[in-house]
Amino acid sequence: MNKTTRFLVSLLLVCSSAAPLAAQQAVVRGRVIDAQNGLPLELATVIDKQQLIGTSTDEDGYYRLAELDSGRYLLEVAYLGYQKQTRQVTVGPADTVVLDFGLVPLNEELAGVEITAQGHDLLNEPMPITTLAPAHIERLGATNTAELLEDIGGVSVARAGNWGSKPYLQGFTDSRVLMFIDGIKTTQACPMGMDACTATIEPDMINSMEVQVGSGSSEYGSGNMGGVINVSTFDGRYRNYEKFTADATAALRYKSVSDSRTWAVGVKGGQQVFDFNLTAGGGLHDNYKVPDADNYTFWPQNEIVPSGFGSNWLNFHLRWRPGKGHHLAFITQQYVARDIGWPSRDAATFTIIPNEKRQLYALKYDYETDKPVLKKTALTLAYQPMFHDMVNHTPGNVRFEGLSYTDNYQATGKVYLAPGKRHFITLGAEGWVWNMYAERRMVNDTSATPYRPILNNGQMIEGGLFVLDRLVVNQSLTLDLGLRINQVFSTALPTPDIPIGSELDDNNFIWSGNVAAVYKLNKYLSLTGSLVRGYNAATPVDRFISAPMPDGFYHFGNPALLPETSFNKRVGLRGMYNKWQWNLEYYHNNVNNLIQRAVDSTLVSPIAGLRGVKRAVNITAGFITGINLYAAYYLTPRWQLAVNTSWLYGADQNGNPLPNIAPLEITPKLTYENPDAGLWLTLRSEIATEQSRYAPEFAELYTPGYAVFDLNGGWRMGDHVELSAGISNFTNRYYRKHLNQVQLPEPGLNVTVAAKFTLPVAGGKRNKPNLKYAKLVTLKIDGMACQFCVNTVTERTEALPQVIQTVVNLGEGQAKVIVGRNISLDKLIETIQRAGFSVQVISVEPYDPVN
């Protein structure tokens, strides 16, 4: 062996012998015991708060953290029913440090509110529903309810002034999107369809919202093609208090772009026998301002005239529980909007709505039982009258003044059955009536014609029977099955002023159904699929509209319209892993007899100077296909980056573009949440590509792409005061959205400031129950993959004022939470879901410190 070879061999031996020494890392080990009796604590969690690594103790209370780099560690030990203990330790290379912990039992007290719900497991829902919680709604600071939906995948919003914004769900709007307010179906009062389904309920009236995008459950009748929006105005946190408890609330908000001032006040309270909400509010909104298209200025300079409105509303909700299982509720709402401006692309053609009124009177009765099969029966009776008057200004100083009266009646009965451990069946019957009478006159500088009917006693009657079955096949597979049969009657008397024919006597038998499935591939990933047949019967608005519209056309309805039907196929993949959460969905919706308003050159506008005439028609066949993608990543437990992406494509049977198809829309959002300090911050962008595939036969135009940015934040100062502020479109970008049929620009730079105050007025020291009255909530949490996830869930939940302690077991995918006896599970579940995890309540039971 020569010298060179001996040298290389020697060097290799030195390196190989040194390698184990270099690879040696430190170990921290020890034992966790009860400090009072010395007994070991099994399954206590030991987490390093800086590196987010951890382990659990064995049956003798021992733990071991190995392969640690040199440095300083901050170890926190937690065990259910004991005070946490945090200690610092410093280790060097190859050190073995013994660090024992003695935990002291809890003796603290805590605030309490109501146990109300068990939430939804995202990974186990065949057709998941997006829930907007109260805090989320408040933070958005929207002017109208449609704006609340903009962050939901598959939803786009078209603005028509400050009041009349319309939501489009997967390409559908108006009567093809169902709107329920406290379980009551809400329609339009305007025979021109100017009042969107979301127009007569304002954001400050809403406690929470559930949104199902796309055709879904067969529980819903005519109009379920685009989706369903369920609004709840009731805050039910007071129902489990033993003593009467009440709070007074007040909220104020200002928006600079339209000089908007809104207010809301309320008193909410109750106890175990009854609870109530009484709220009122209103607002004044001037014309909104837009940037100059050619000359950039920091502040928007140009007003969109007219686009303002004023409003007032009152909401009263009373629930009474006269005996075990019996629930009786009375609801009334009064909404009035005035001087509503509907701008137009032509300054000489615009609309003013002097008054828009909606009233609601509803009675609900539920009976819950503990019988083996029959679980619940529910009955709803509702009456909802609406009034609408309008003034259409047209070229030549000619005005059309119209009046419209609408009555809605609804009766719904449901029976909830559990014939076995795997079947959950709902049987239902529903009857619904929509009456509308509309008249108008023509006025100029010198004369006025008498009022004449444009919709002469139009009526739509719908009766339906439905059955739904949630079948839990096994732990991996869940099915939703549904079938609904409907009879729809439509009638109207002749109206001489409508040239297309107006007498109506129509009768349609229609069915809808759904088959949906979710299959859990593993605890991180679920595969979904659904087949849904939906339909929409032509409404009085579709059949009898006769008026100039802000798009510059005169619109005629069509009494001969056929019902629309859709067949929607969807597949999806959603899941949670480590710091990631995602939901990918592809859908293809075949539609028949789609109702749209197409340009008709054979008809002459009754008013000179307009662009032409549009007439309601059935598109024989077509399809809408699209992809929705939601993805979120936790940068740290308090910083989350999320993005929503939606893409749509629509064509008729000849391959021509369908109208109302939004371009590719991307909405990234960076969110910061610090529950300990009560701080939150959101940086949001809305990005849309150009829409070069538009429908000229429906008078659509090319729309350029755009990108705008918003910044919002807030500070919760204890339990009584919350302040927030924001800047939207802070680059003051000039842009317009494709679905804005009037083709007007969106608002420019806007500064929003808001304040909310809550003052306890009854209930004494209800927020300080003793630990002996606490409850133990056991949760199943899917999507946790590491100690980072454990730390996120623990920090978020323990920041809630109602939570005493949270202990997460990563191996079992469970968390045990000690809470006050009246904790709101809604808030607890929402907190975990907002952290990016799927959660189910396994049990709620009294907390026993001994066990």
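Me: With the side chain of which residue does the side chain of Asn315 make a polar contact at 3.3 Å, apart from that of Gln333?
Reply: In this predicted model, Asn315 is found in strand β21, which covers residues 309-320. Leaving aside neighbours within four places in sequence, the residues in contact with Asn315 include Asn277, Leu278, Thr279 and Thr332. Polar contacts at 3.3 Å join the side chain of Asn315 to the side chain of Gln333 and also to the side chain of Thr233.

Me: Does Asn315 count as buried or exposed, and at what relative accessibility?
Reply: A residue counts as buried when its relative accessible area is under 20%. Asn315 therefore counts as buried, since its relative accessibility is 0%.

Me: Which side chain makes a polar contact with the side chain of Asn514?
Reply: Asn514 lies in strand β29, residues 504-522, and it is buried, with a relative accessible area of 4%. Not counting residues up to four places away in sequence, Asn514 touches a set of residues that includes Met127, Gly216, Asp480 and Leu531. Ser217 and Ser218 are also among the residues it touches, and the polar contact, at 2.8 Å, is with the side chain of Ser218.

Me: How many Å apart in space are Asn514 and Arg533, C-alpha to C-alpha?
Reply: Along the sequence, Asn514 and Arg533 are 19 residues apart. In space, the C-alpha to C-alpha separation of Asn514 and Arg533 is 6.4 Å.

Me: Is the peptide bond from Val305 to Pro306 cis or trans, and what is its omega?
Reply: Most peptide bonds are trans. Pro306 is found in the loop between β20, residues 302-303, and β21. The peptide bond that leads from Val305 to Pro306 is cis, with omega near -15°.

Me: What is the phi of Asn660, and where is Asn660 placed?
Reply: Most residues other than glycine have a negative phi. Asn660 is not a glycine, yet its phi is positive, and this residue is buried, with a relative accessible area of 9%. Its place is in the loop between β36 (639-652) and β37 (665-674), and its phi is about 65°.

Me: What is the phi of Asn732, which is not a glycine?
Reply: Asn732 is found in the loop between β40, residues 721-728, and β41, residues 750-762. Asn732 counts as buried, because its relative accessibility is 3%. Although Asn732 is not a glycine, its phi is positive, at about 55°.

Me: How many helices and how many strands does the chain have, and why is it said to be as compact as a globular protein of its length?
Reply: The secondary structure of the chain comes to five helices and 45 strands. For 851 residues the globule rule gives 29 Å, and the radius of gyration of the chain is close to that, so the chain is as compact as a globular protein of that length. The radius of gyration itself is 30 Å.

Me: What percentage of the residues of the chain count as buried?
Reply: Along its principal axes, the C-alpha trace of the chain spans about 110 × 80 × 50 Å. The chain exposes about 35,100 Å², and carbon and sulfur atoms supply 57% of that area. Of its 851 residues, the share that count as buried is 54%.

Key. Residues numbered from 1 in each chain as written. Predicted model: local features only at pLDDT ≥ 70, side-chain atom pairs only at ≥ 80, totals over all residues. Heavy atoms only, no water. Helix = DSSP H or I, 4+ residues; strand = E, 2+ residues; numbered from the N terminus. Rg over C-alpha atoms; globule rule 2.2 N^0.38 Å. Buried < 20%, exposed > 50% of the residue type's maximum accessible area, 1.4 Å probe, protein only. Areas by Shrake-Rupley, 256 points an atom, 1.4 Å probe, with all protein chains shown as cover. Polar contact = N/O pair within 3.5 Å; in protein donor to acceptor, adjacent residues only side chain to side chain. Contact = heavy atoms within 4.5 Å.
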